[in-house]
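Here is a short tour of one protein model, written for a reader who likes to check each point against the coordinates. Have the viewer open, and follow the topics in turn.

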Amino acid sequence: MLHSTKSRKPDYLGFGLGLRIPHYDEILATRPKVDWFEVLSENYLVPGGKPLHYLERIRANYPVVMHGVSLSIGGTDALNRDYLKQLKALADKIEPKWISDHLCWTGVGGLNLHDLMPLPYTEEAVKHVVSRVKQVQDFLGRKILLENVSSYVTYKQSQLTEWEFLAHIAEQSDCLILLDINNIYVSSFNHGFEPQDYLNGIPIERVQQFHLAGHQNCGNYIVDTHDHPIIDPVWALYEKALKRFGSVSTLIERDDNIPPLKELLAELDHARTIAEPILAKAKAA
C-alpha cells in the first residue's frame, strides 16, 4: 500500500542538523534557528550519562529523529535482537519522529566491518531485505526509513539499477526512504550514471527525509567523508530533488572536521534559500 503525499505532510519538519557533541552547550545556550535534530542512535544506547542528559534537554526544545548505522538490514547474519531491543527502548524514551538506517550490510559471521557495504541489486536481495525490514518494523511497531549509501564497487550479478532496487524494497516492505542527495552525487560520479535518472526512479510518496553533506574528491573517484562543506553540484541536485519530491525534511550532516555551529547554520540557511521559493511555487500551483 502506497502512502499519499498528504499522509506524509504532517511529518514535514523543515530544516535540521545532525546533533554533534561539540555543539551541545551552544545549542542549549543560544537556541539556534534549527527546526529539528537528527541523533546517531548508537551514541545514546546507554542507560544514562552525559549523552542522554544533553539529548533529553535538547529534545525538550526541538523535535528529534534517530539515525543508525548498525542495523545491517542487508546482512545474512540473523537480525541482532539485542540491538533492536536497545533501539526500541531509546525510541520509547526520546519519542523520535522517525527512525532510519542504511540500505547496506555491515559485516558477516559476527564480524563488524565498521563500514556501510553495498548490496547486489538482484531480485533475490530485494526479497531478503524486504523480509528483514518487515521483521524490524513489526518489532519496533513503526515504519523505518532506509538510506541509499555511497558506493565504490558494483556487483556483476546486479540485475537492477540502484534506484530500482531501493524503490522495490520500499514498496514491497512498506517502508520509507531517507534520500541522501550527496550519496547520489558521489555514486553517480563513481559509477557513471545520471543523477536525474536516480531521482526520477524513486517513488515521490516514499521519500520522508533528505541528507546533504560534503565529500572528498580524489580525482578518479569520490569518497563520502562528511568532513567538507557541501559543493555546488550537490546543491544543484538538491534543487532538482525539491522540484520532484516537494516538502521533504532536509538535514545537513557533518561527521568529521566538525566546524563551529555558525558554519553549519549558514549551510542550513542556504538550504532554506534554495527550498523556500520552490516549495512556495509548488504550493501556489
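The largest pocket has a volume of about 640 Å³, and among its 28 lining residues, Val69, His102, His114, Asp115 and Leu116 are the closest to its centre. This is a predicted model, in which local features need pLDDT of at least 70 and side-chain atom pairs count only at pLDDT 80 or more, while totals for chains, interfaces and linings use all residues. Residues are numbered from 1 along each chain as its sequence is written, and side-chain values use heavy atoms, with hydrogens and water left out.

**Pockets**

- A pocket here is an open set of points on a 1 Å grid over the protein atoms alone, with protein on both sides within 12 Å along at least five of seven lines, and its lining residues have an atom within 4 Å of a point.
- Grid points are joined across faces, edges and corners, and a volume is the space filled by probe spheres set on the points.
- Strand β6 gives the most to the lining of the largest pocket, with five residues; helices (H or I, at least four residues) and strands (E, at least two) are DSSP runs, numbered from the N terminus.
- By class, the lining of the largest pocket has eight nonpolar, 12 polar and eight charged residues.
- For these classes, Ala, Val, Leu, Ile, Met, Phe, Trp, Tyr, Cys and Pro count as nonpolar, Asp, Glu, Lys and Arg as charged, and the others, Gly among them, as polar.
- The second largest pocket holds about 250 Å³ of space, and of its 17 lining residues, Ser70, Ser72, Asp77, Asn80 and Thr106 lie nearest the centre.
- β5 gives the most to the lining of that second largest pocket, with three residues, and β5 and β6 each supply at least two.
- Sorted by class, the second largest pocket is lined by six nonpolar, nine polar and two charged residues.

- Trp105 has Met117 in β6 as its bridge partner.
- Two residues lie between the strands of this hairpin, and Gly109 takes a positive phi near 60°.

**Cavities**

- A cavity is a set of grid points where a 1.4 Å probe fits but cannot get out, and the structure holds two of 30 Å³ or more.
- The largest cavity has about 60 Å³ of space, and its lining includes Leu103, Tyr121, Asn148, Glu162, Phe165 and Leu166.
- Helix α6 (residues 162-173) gives the most to the lining of the largest cavity, with three residues.
- Seven nonpolar, one polar and two charged residues make up the lining of the largest cavity.
- The second largest cavity has a volume of about 50 Å³, and β4 gives the most to its lining, with three residues.
- α4 (81-94), β4 (99-102) and β7 (144-147) each supply at least two residues of the lining of the second largest cavity.

- Ser173 lies in helix α6 and is buried, with a relative accessible area of 3%; buried means under 20% relative accessible area, exposed over 50% and partly exposed in between (1.4 Å probe, protein chains only).
- Five of the five residues of β8 (residues 176-180) are buried.
- Leu176, Leu178 and Asp180 point one way from β8, and Ile177 and Leu179 the other way.
- β7 and β8 pair in the parallel sense over three bridges, and Leu145 stands opposite Leu176 in β8.

**Helix α9**

- Why does the span of α9 agree with its number of residues? At 1.5 Å a residue, the 14 residues of α9 (residues 232-245) should span 20 Å, and the end C-alpha atoms are 20 Å apart; the expected span is 1.5 Å times one less than the number of residues.
- The buried residues of α9 are Val234, Trp235, Leu237, Tyr238, Ala241, Leu242 and Phe245.
- They cover an arc of only 160° around the axis, which puts them on the same side of α9; the arc is that of the directions from the helix axis to the C-beta atoms.
- Exposed residues Asp232 and Lys243 are carried on the face of α9 turned away from its buried side.

How values were computed. Two strands pair if DSSP finds at least two bridges between them.
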